[in-house]
Amino acid sequence: MFYFEEDSEAEPYSAQAGLGLGVGLRTAHFAHILTHWPSVDWFEIISENFMDCQGRPRYVLDQIAERYPIVMHGVSMSIGSTDPLNIEYLKKLKRLASETNAQWISDHVCWTGVAAKNTHDLLPIPYNEETLLHVCDRIRTVQDVLERPLVLENPSTYVTFRDSTMSKWEFIRLLTVETGRQLLLDVNNVYVSSVNHDFDPKQYLDSIPIDRVVQFHLAGHTDLGTHCIDTHDGKVVDNVWELFRYSHQRGIRASTLLEWDASIPEFDVVHNEVLKAKDYLRSAYEFKATPPTRQQVSSGSHRHVRTGHSDIPQPALFTTAEVE
Amino acid sequence: METKNPSLRSVQQWMQAVIMHPDGVNSDELVNDELTIDNMILPSRQLTSQQRIEVYSNAYYARLLECMRDEFSAVVALLGEEIFNSFAFGYLQSYPSASYTLADLGSQFHGFLTDNRDSLGDDDSAESVEDNRWFDFMLDLVLLERTYSEVFSGPGIENIETLDADALSAVAPALVGDICLTPAPCMRLLCLKSRAHEYAIAVRKSGTTSAELPRMVETCLVVTRINYVVRTIVVEPDEFLLLQKLFEGACLDSAIASVVEKLLLSEEQLAGKVADWFKRWAMDRLFVRFSIP
């Protein structure tokens, strides 16, 4: 039997925890969704792709928002940057959230640029006291502007700064404690980072405050043997599913979302992938989860090398014009 | 003596400079006694410090070039991916993104290319003429595809009334010349040196084009959006000129006078055409209202 350390009081799992099982809304699937209105529990949008849009993507979003719960997920808040926060951007986020009745707004624990530039990447921060204070201050400012809680996600990272004085998970935990904010726990990012930084993903998950997680992210990645890249271009690998199951066995109850951003297949393929979560959730109480250990992650013995196709982390989504 | 850790600001400025540098993370321009890759980044078991930061530096241009290729697919079809990447790579160095949205990434591409055509010859040699013809066609495509993006995502007329053909009939004849028309917010007027729209639409429809460049002939286009889909309308030069004047806010009499003067037409010649144009503009929903100042 699995040993439940922190969740003995937890309710038995329901697939409808939170919003249930959702998928990332992508333009490639617009036609399918509008035609079939699939039985997806909810959709997550990339905020920046809609906040200025007055064309078809926004029109489609408005229709979808009438039928499904919407969550907004951003990539440009740059909460960790030392540039001033973009208040105009935050106001637009707030407006879109209001117009789509978004359940919550999320972004990443990262920075995207300084000196008024945007690299459009989720860049890592040094995990130390200075950064912690800086990010906590900015979270409070953002929440004041948004007038709602900000949910932050753990990103995949590829470097470790010498300046870091604490682990990623310790930083995330302290950030949560200091600000009372909620977490978007990306288990694929935990896995990718564990490979890239030689740590035990279970140790990371064990440090996450159970009651602060409102959402899971699942995605595919590319395993290059020496390191993994968070490419969102394929199915979720077994090791990530095991971490997902382990998270539930720890007692985390949260809405679950699958991201698929490159080499995007038919909608049903994406939907079926997230529906696999049901099996893992069902089994979470029947079997002991065996998430990969640090040794297995480091040695590659539990890994399927080159599962994805791309080398670009977190691929950006550009909306192409429809021309007659 | 204890060394002081660089501030968060310094770390971010350093990392951004490293990953955005066009020569890669080893560029001589990045040499700094204190802020070196090895001093800033720890190695992992499998990768050196440099290999680790190269994940970001390799991704920076790759990601943005992919977005540029998505927006300018016809230009990619014309140039091939390698040459397109070369132009776009230069552009991204001159105009790094300063926006939270990738929708703005290509906004200066046409201006950048226009400013950088100096290397082309301006003599009458066949090679020079061909180079300029090719470059002009590329500029047309870039302008057109950027316009498509802006019209597709910008404000439209899907939820507003537009001016119908009968709307002006209620205006007293003596006042018709004073009418000013408000263009649809999605309407753009483009005067190109080629029939680039044929090429761009062929690429979007089939992904392939013939090896031949389209004819280089002055082409007047109205780009607009109907039911959220971008539409390209070819118009004659006199119609285009009148639309341009009306678009700029001129009243009907003044706009017609400009066209008559510029194209050496008689007012009678033009009057016959204007009535037909109005009917078509109403069908294409080019104007949303009129006013009489």
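Predicted model: local features only at pLDDT ≥ 70, side-chain atom pairs only at ≥ 80, totals over all residues.
Two residues count as being in contact here if their C-beta atoms, placed from the backbone, lie within 7 Å. The contact between the two chains takes 53 residues from chain B and 51 residues from chain A.

Strand S6 (residues 160-161) of chain A lines up with S1(B) in the antiparallel sense, and two bridges hold the pair. In this pairing, Thr160(A) has Leu42(B) of S1(B) as its bridge partner.

Now for chain B by itself. Its domain assignment gives domain 1, covering 1-71, and domain 2, covering 156-291. Taken over C-alpha atoms, the centres of domain 1 and domain 2 of chain B are 50 Å apart.

Next comes a sheet. In general, strands of a sheet pair through backbone hydrogen bonds, either parallel or antiparallel. In chain B, three strands make an open sheet in the order S3-S4-S5, and the pairing is antiparallel. Strand S3 (188-192) and S5 of chain B are the edge strands, each pairing on one side only. On average, neighbouring strands of this sheet are turned by 30 degrees against each other, direction ignored. Strand S4 (residues 219-226) of chain B is joined to S5(B) by seven bridges, and the two run antiparallel.

H7(B) touches S3, S4 and S5 of chain B, and its direction makes about 170 degrees with that of S3(B). H10(B) also touches S3, S4 and S5 of chain B, but here the angle with the direction of S3(B) is about 140 degrees.

That leaves the helix pairs. Two packed helices are described by the angle between their axes and the distance between the axes. For helix H10 (residues 237-247) and helix H11 (residues 252-263) of chain B, the axes come within 9 Å and cross at roughly 140 degrees. This angle makes H10(B) oblique to H11(B), and the crossing is right-handed. On the H10(B) side, the contact is made by Asp238(B), Leu241(B), Leu242(B), Lys245(B) and Leu246(B), while H11(B) brings Ala255(B), Ile256(B), Ser258(B), Val259(B), Lys262(B) and Leu263(B). By class, that is seven nonpolar, one polar and three charged residues.

H11(B) has another partner in helix H12 (residues 267-283) of chain B: these two pack at an angle of about 125 degrees, with their axes 10 Å apart. H11(B) is therefore oblique to H12(B), and the crossing of this pair is right-handed. Ile256(B), Val259(B) and Val260(B) of H11(B) meet Glu267(B), Leu270(B) and Val274(B) of H12(B). The residues of this contact divide into five nonpolar, no polar and one charged.

Note on methods
Residues numbered from 1 in each chain as written. Chains lettered and ligands numbered in written order. Axes fitted to C-alpha atoms, helices over the stretch in contact; angles between N-to-C directions. Helix = DSSP H or I, 4+ residues; strand = E, 2+ residues; numbered from the N terminus. Parallel < 35°, antiparallel > 145°, perpendicular 65-115°, else oblique. Left-handed = near helix turned anticlockwise from the far one by under 90°. Nonpolar A, V, L, I, M, F, W, Y, C, P; charged D, E, K, R; others polar. Pairing = 2+ DSSP bridges. Domains from an automatic or database assignment.
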